[in-house]
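Please look at the sequence and the model shown here, and keep both in view while reading.

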Amino acid sequence: MTSSFRQLSRLSLAAGFAFGIATAAFAVGDNNDDTNPPPKTQTTKTCTGGKVWDKAKKECVNPKKSSFNDDDLYKFAREFAYAGQYDNAITVLNLARNQNDPRILNYLGYANRKAGRMELGMSYYRKALQADENYILARSYMGMALVEQGDIQGARVQLVEIRDRGGEGTWAYRALLQSLNGYKTY
């Protein structure tokens, strides 16, 4: 082999590797694998009774559709859900203007499931997947719910779906796999 051929081969290999990483990162972003717990803010540190922290007013306020956009409401709801305040999460999620946003539907599923309303939670997961069949986080949470219900085969189907949609290296995949292996997850 000539040195220029080796150099070209290395460049091609490096370009392919870089493309693969970029593609995987893009796929993860596209699949909404938002898995880091939300940082605790004044909403769960200071506010009570389902109130949220209004940065502009620097005080706890009752959440209103007119006061916050859907991204803000989603962030408040995630924070409530991670803090175990499921009914507060649901109240905030119900204020979102776009009730067909898969993120909103997924967290309505999660909060209802964790609050003990399994069938209602499952209906929201199905709606989230109808809105975006590639939303792997909804597939993961649905799979965990299926494990809780004893439907191991159904959970495995969701694991394969996550893998086949480019999510094998994601938290969504790992968390469902752990759940299938008997570990307590979300």
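Arg 103 touches Asp 70, Asp 71, Tyr 74 and Tyr 135, when residues up to four places away in sequence are not counted; contact here means heavy atoms within 4.5 Å. The model is a predicted one, in which local features need pLDDT of at least 70 and side-chain atom pairs count only at pLDDT 80 or more, while totals for chains, interfaces and linings use all residues. Residues are numbered from 1 along each chain as its sequence is written, and side-chain values use heavy atoms, with hydrogens and water left out.

Arg 103 has its place in helix H5. Is Arg 103 buried or exposed? Arg 103 counts as buried because its relative accessibility is 18%. Buried means under 20% relative accessible area, exposed means over 50%, and partly exposed lies in between, with a 1.4 Å probe and protein chains only.

Ile 104 also belongs to helix H5. Ile 104 counts as buried because its relative accessibility is 0%. With neighbours within four places in sequence left aside, Ile 104 is in contact with Tyr 74, Leu 93, Ala 96, Asn 98 and Gln 99. Val 92 lies 12 residues from Ile 104 along the chain, and the C-alpha atoms of the two are separated by 9.8 Å.

Helix H5 as a whole covers residues 102-114. From its first C-alpha to its last, H5 reaches 18 Å with its 13 residues, close to the 18 Å expected at 1.5 Å a residue; the expected span is 1.5 Å times one less than the number of residues. Of the 13 residues of H5, 12 are buried, including Leu 105, Tyr 107 and Gly 109. Against which helices do the buried residues of H5 pack? They pack against H3 (70-82), H4 (86-93), H6 (118-131) and H7 (136-148).

The wider fold can now be described. The protein has nine helices and two strands, where helices (H or I, at least four residues) and strands (E, at least two) are DSSP runs numbered from the N terminus. Along the sequence, their pattern is α-α-β-β-α-α-α-α-α-α-α. Of the 186 residues in the protein, 41% are buried. Among contacts with a separation of 6 or more, 56% are between residues 24 or more positions apart.

Two packed helices are described by the angle between their axes and the distance between the axes. The axes of H7 and H8 are 8 Å apart, and the helices pack at an angle of about 165 degrees. H7 is therefore roughly antiparallel to H8, a term for angles over 145 degrees. The contact involves residues of H7, among them Ile 136, Met 142 and Leu 146, and residues of H8, among them Ala 155 and Ile 162. The residues of this contact of H7 with H8 comprise seven nonpolar, five polar and three charged. Ala, Val, Leu, Ile, Met, Phe, Trp, Tyr, Cys and Pro count as nonpolar, Asp, Glu, Lys and Arg as charged, and the others, Gly among them, as polar.

Helix H8 (residues 152-167) also meets helix H9 (residues 171-180): their axes come within 10 Å and cross at roughly 160 degrees. H8 is therefore roughly antiparallel to H9. On the H8 side, the contact includes Leu 159 and Arg 163, and on the H9 side it includes Tyr 173 and Leu 176. The residues of the contact of H8 with H9 divide into nine nonpolar, two polar and two charged.

Conventions. Axes fitted to C-alpha atoms, helices over the stretch in contact; angles between N-to-C directions. Parallel < 35°, antiparallel > 145°, perpendicular 65-115°, else oblique.
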